[in-house]
Amino acid sequence: MKRVVLLFIGSILFACHAAEISVRYDNGAEKKALVAERDGNVFFPATVIFDLFSNRFAWAPDKRKLVINISETDLIFTEDNPFVSVGGEVREWSAAPFCEEGDLYVPAREFVLLLDSLVPDTVTWDAEKKSLRIGSAVAVIDSFTCEERKNGTVFTLFLPGKMAFDHTFFKPQLNINVLKGKVSVEQLTRKETVGLVTGISAVQFAGSAQISLIISARSGQPEVCYKDGPCRIEAVLRNKIEDTKQVASAESAAVALPDSLAADQAALRIKRIIIDPGHGGEDPGAVNTQAKAEEKEIVLAIGLELRKLLKEHLRDVTVLMTRDDDTFVPLKGRSKFANSKKGDLFISVHANSISGNKTKKSVIDGFEVYFLDLARDDDARAVAALETSAIQYEKDGDARENIDDIDFMIKSIELNTYRNQSERFAICLEQEMSKSLKKVRRHKLGVNQANFYVLRGVEMPAVLIEAAFISNPEEVKVLRTREFHRQVAEAVLNGIVRYADTLE
Ligand SMILES: [Zn+2]
């Protein structure tokens, strides 16, 4: 009897202990990580997994739930619950994840098998050697250098292995797209200027990572190339030798519109476009009393010009408007209309305004492009799927509260397809507008995210354009010209074609 008790205590004491494993990357890097061992099985802690998946990961210690998104699939692990939700489908594992010192541990073998089924040959686990190999498809891009040289600046982006990439340069932005790349947005964001690079930012797309450099006007055309040992992408920026004549002619040249082949390609992916001129009827929008200008008139004129241009160039695309005359349409009615017409893109057109004194009004100017950060309603499909599957295995009493938690976590790790597509579309639009608009400059760099009511509930990629400031005495004049309406329309057309090109 005594011996049995001792054995029992012994098995509790030795049930779980820490072990060290080696984590190897395809580029040759290696590091040590602490894992747990229980009854001969290895468990990976959430913190180790976090290193691999960075921005596609959410761990809520108080909720004891871990959500990972890989290959557009949500994986949900819960403490002491052997049922794992894989894209809404519930699977039972041989062991349940457990919590220790604020970390959640998941069974290594089954975790790696699951990853392998989602993204083949990216993670391999050798239980005997206690070695985890991380393929370049899941490893995170998180380091770079930016160095000033005598005649320019060299930006080096280090990759976890050999990876395919491309790059585009639209002044002032150089975008490097790493296919299947995972990027640490936090590590690759810099606001300080180093030489010819005035800012660095990163965006995680579903199938690629985009690293953007904002490049000074003093730089010539950037040269981008791939180098080995260690794997890296190098962007060389050289100080420009002034050629004012050439710059002047480029400035006044009209932008090229897409050829019919590009337009046909776009029409294959985008069937219906909804144009939403803001305000209307009893709602004038922003008003410049001095210039006797109302936002509702200007944005309707831009919307009509846009419809005309899209119909000319994208002949197989249906173009619909939430209003095409001076009528009032409530905000909810706009998203309802767009959803009922099953639009593929939603473009809301507005003009910006700022209150304040004369000086403030005359210095604040420029266009802006917004996309919605939380483009989903509370009853979005992803949550509905969870509600009917994983939730039935919940131990906690209040199921509704749990749905909210999961919903919150999913939102927090940006799993929304529309959100990513909206952001991508906004980036394309923003770049095209900076090329097309000759008399209105960027209000500030980059695209903006905001929780606009009109974009909320729109079940498609959606953006909102603030074409210029109606409160600015110079821009209000520009806003009224047909030439400007045409330039906005051209930018949107080119933006749509470029965006369509990024769709599979
Ligand atoms: Zn408005």
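A residue counts as exposed when its relative accessible area is over 50%, and as buried when that area is under 20%. Keep those cut-offs handy for this tour of a predicted model.

**Start with the whole chain.** Colour by burial and 52% of the 504 residues come up as buried. Now think about contacts between residues at least 6 apart in sequence: 65% of these join residues at least 24 apart.

**Next, select the zinc ion.** Which protein atoms are its donors? Pick His 279 (NE2), Glu 295 (OE) and His 350 (ND1), which lie 2.1 Å from the zinc. Along the chain, these donors are spaced as H-x15-E-x54-H. Two of them, His 279 and Glu 295, are 16 residues apart and link distant parts of the chain. You'll find His 279 in the loop between β23 (272-277) and β24 (287-288), while Glu 295 belongs to helix α6 (residues 295-313). Are these two buried or exposed? Both His 279 and Glu 295 are buried.

**Stay on α6.** This helix has 19 residues, and the distance from its first C-alpha to its last is 27 Å, close to the 27 Å expected at 1.5 Å a residue. Show its side chains and look for the buried ones, which include Glu 295, Ile 298, Val 299, Ile 302, Leu 306, Leu 309 and Leu 310. As you look along a helix like this, remember that an α-helix has 3.6 residues a turn, so residues three or four places apart point the same way.

**Step back to Lys 292.** Select the loop between β24 and β25 (293-294), where Lys 292 sits. Lys 292 isn't a glycine, yet its phi is positive, at about 55°. Why does Lys 292 count as exposed? Because its relative accessible area is 68%, and the cut-off is over 50%.

**Now jump to Lys 342.** Lys 342 is in the loop between α7 (331-340) and β27 (345-352). Here too a residue other than glycine has a positive phi, near 55°. Lys 342 is exposed, with a relative accessible area of 61%.

**Finish with a helix pair.** Select α5 (residues 260-269) and α13 (residues 482-502): they pack at about 65°, with axes 9 Å apart. Their crossing is left-handed. For the contact itself, show Ala 262, Ala 266 and Arg 269 from α5, which meet Val 497, Ala 500 and Asp 501 of α13. By class, that contact has four nonpolar, two charged and no polar residues.

Key: Residues are numbered from 1 along each chain as its sequence is written. This is a predicted model: local features need pLDDT of at least 70, side-chain atom pairs count only at pLDDT 80 or more; totals for chains, interfaces and linings use all residues. Side-chain values use heavy atoms; hydrogens and water are left out. Donors are N, O and S atoms within 2.8 Å of the metal (3.2 Å for Na, K and Ca); water is not among the atoms, so sites may look incomplete. Helices (H or I, at least four residues) and strands (E, at least two) are DSSP runs, numbered from the N terminus. Buried means under 20% relative accessible area, exposed over 50%, partly exposed in between (1.4 Å probe, protein chains only). Axes are lines fitted to C-alpha atoms, for helices over the stretch in contact, and angles run from 0 to 180 degrees between N-to-C directions. A crossing is left-handed if the near helix is turned anticlockwise from the far one by less than a right angle, and right-handed if clockwise. Contact means heavy atoms within 4.5 Å. Ala, Val, Leu, Ile, Met, Phe, Trp, Tyr, Cys and Pro count as nonpolar, Asp, Glu, Lys and Arg as charged, and the others, Gly among them, as polar. The expected span of a helix is 1.5 Å times one less than its number of residues.
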